[in-house]
Amino acid sequence: HDLEYTSIEGETVSLKSFAGKYILFVNVASKCGFTPQYEGLETLSEQYKDQLVVIGFPCDQFGGQEPGGSEEIQSFCKLRYGVNFPLSEKVEVKGSNQHEIYKWLTNKNKNGKSSNSVKWNFQKYLVDPEGKFVEYYYSITKPLSKKITKNLN
């Protein structure tokens with residue numbers, strides 16, 4: 001909860017503002033085979049809004065599948081998939097410019113549970129209401145999968 005990100009609108013958002021809720025971090029892209037998961041992420045976000053916040057992190061590191069700027073990404077997500085959950089500015093989720101949140105999510109020394117790497121777009125990370133790392137899920141795990149929702153019920 002000590003970390004923050006810059007929203008797609010350019011505002012600084014502290015993860016402290018989501019304390020008491022699960023957070024599902026997802027690196028997203030507009031031109032990926034998994035892009036239709038936006039629909040499931042929005043449904044998940046709506047269904048569990050009292051206990052979960054979904055945050056999308058647009059990223060262009062996998063196959064150049066998020067080429068647009070903030071306005072284009074935001075417009076695509078709203079118009080095509082009705083996305084209302086928060087989005088960050090475009091970030092890097094791996095490599096030397098890896099965003100601080102993803103440094104925490106992918107490093108056992110920081111999150112206390114798991115070292116892993118982001119393999120592709122729409123990889124998901126769940127953090128509990130106290131800010132503890134729960135689990136990560138590869139792209140093929142659908143947003144409404146029991147693997148994820150079992151933690152929220």
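The following questions and answers concern side-chain packing in a predicted model.

User: What is the geometry of the aromatic pair formed by Phe57 and Tyr102, and what is the angle between the planes?
Analyst: The structure holds 14 aromatic pairs. In the one formed by Phe57 and Tyr102, the rings lie 5.5 Å centre to centre. Planes over 60 degrees apart count as edge-to-face. The Phe57–Tyr102 pair is edge-to-face, with an angle between the planes of 80°.

User: How many residues apart in sequence are the parts that Phe57 and Tyr102 tie together?
Analyst: Both Phe57 and Tyr102 are buried. Phe57 belongs to strand β4 (residues 52-58) and Tyr102 to helix α3 (residues 100-105), so their pair ties together parts of the chain whose separation in sequence is 45 residues.

User: Which element holds Tyr125, the residue that Tyr102 is linked to?
Analyst: Tyr102 and Tyr125 form an edge-to-face aromatic pair, at 5.9 Å centre to centre and 90° between the planes. Both Tyr102 and Tyr125 are buried. The pair links distant parts of the chain, 23 residues apart: Tyr102 is in helix α3, and Tyr125 is in strand β5 (residues 124-127).

User: Which aromatic cluster residue is a Trp?
Analyst: Phe57, Tyr102 and Tyr125 are among the members of one aromatic cluster. The cluster also includes Tyr5, Phe25, Phe133, Tyr136 and Tyr138, and its Trp is Trp104.

User: Is Thr106 buried or exposed?
Analyst: Thr106 lies in the loop between α3 and α4 (108-111). Its side chain reaches the backbone oxygen of Tyr102 at 2.6 Å. Leaving aside neighbours within four places in sequence, Thr106 is in contact with residues including Gln98, Asn111, Val118 and Tyr125. With a relative accessible area of 10%, and buried meaning under 20%, Thr106 is buried.

User: With which side chain does the side chain of Gln65 make a polar contact?
Analyst: Gln65 is placed in the loop between β4 and α2 (70-81). It counts as buried, at 16% relative accessibility. Beyond its neighbours within four places in sequence, Gln65 is in contact with Ala29, Lys31, Asp60 and Trp120, among others. The polar contact of its side chain, at 2.7 Å, is with the side chain of Asn121.

User: Against which elements do the buried residues of α2 pack?
Analyst: α2 has 12 residues and reaches 16 Å from its first C-alpha to its last, close to the 16 Å expected. Ile73, Cys77 and Tyr81 of α2 are buried, and they cover an arc of only 30° around the axis, which puts them on the same side of the helix. Glu71 and Leu79, on the other side of α2, are exposed. The buried residues of α2 pack against α1 (37-47) and β4.

User: Which element gives the largest share of the largest nonpolar core?
Analyst: The largest nonpolar core has 23 residues, and Leu24, Tyr38, Leu41, Leu44, Leu52 and Val54 are those with the most contacts inside it. Elements giving two or more residues to this core are β3 (22-28), α1, β4, α2 and β6 (133-137). The largest share, four residues, comes from β3.

User: How many residues are in the other core, which has Phe25 and Ile55 among them?
Analyst: Val54 touches Leu24, Leu41 and Phe85, among others, not counting residues up to four places away in sequence. Apart from the core described above lies another, with Phe25, Ile55, Ile101 and Tyr125 among its residues; its size is 21 residues.

Definitions and conventions
Residues numbered from 1 in each chain as written. Predicted model: local features only at pLDDT ≥ 70, side-chain atom pairs only at ≥ 80, totals over all residues. Heavy atoms only, no water. Phe/Tyr/Trp six-rings, centres within 6.5 Å; stacked < 30°, edge-to-face > 60°. Buried < 20%, exposed > 50% of the residue type's maximum accessible area, 1.4 Å probe, protein only. Polar contact = N/O pair within 3.5 Å; in protein donor to acceptor, adjacent residues only side chain to side chain. Contact = heavy atoms within 4.5 Å. Expected span 1.5 Å × (residues − 1). Arc of directions from axis to C-beta. Core = buried A, V, L, I, M, F, W, Y, C linked by side-chain atoms within 4.5 Å.
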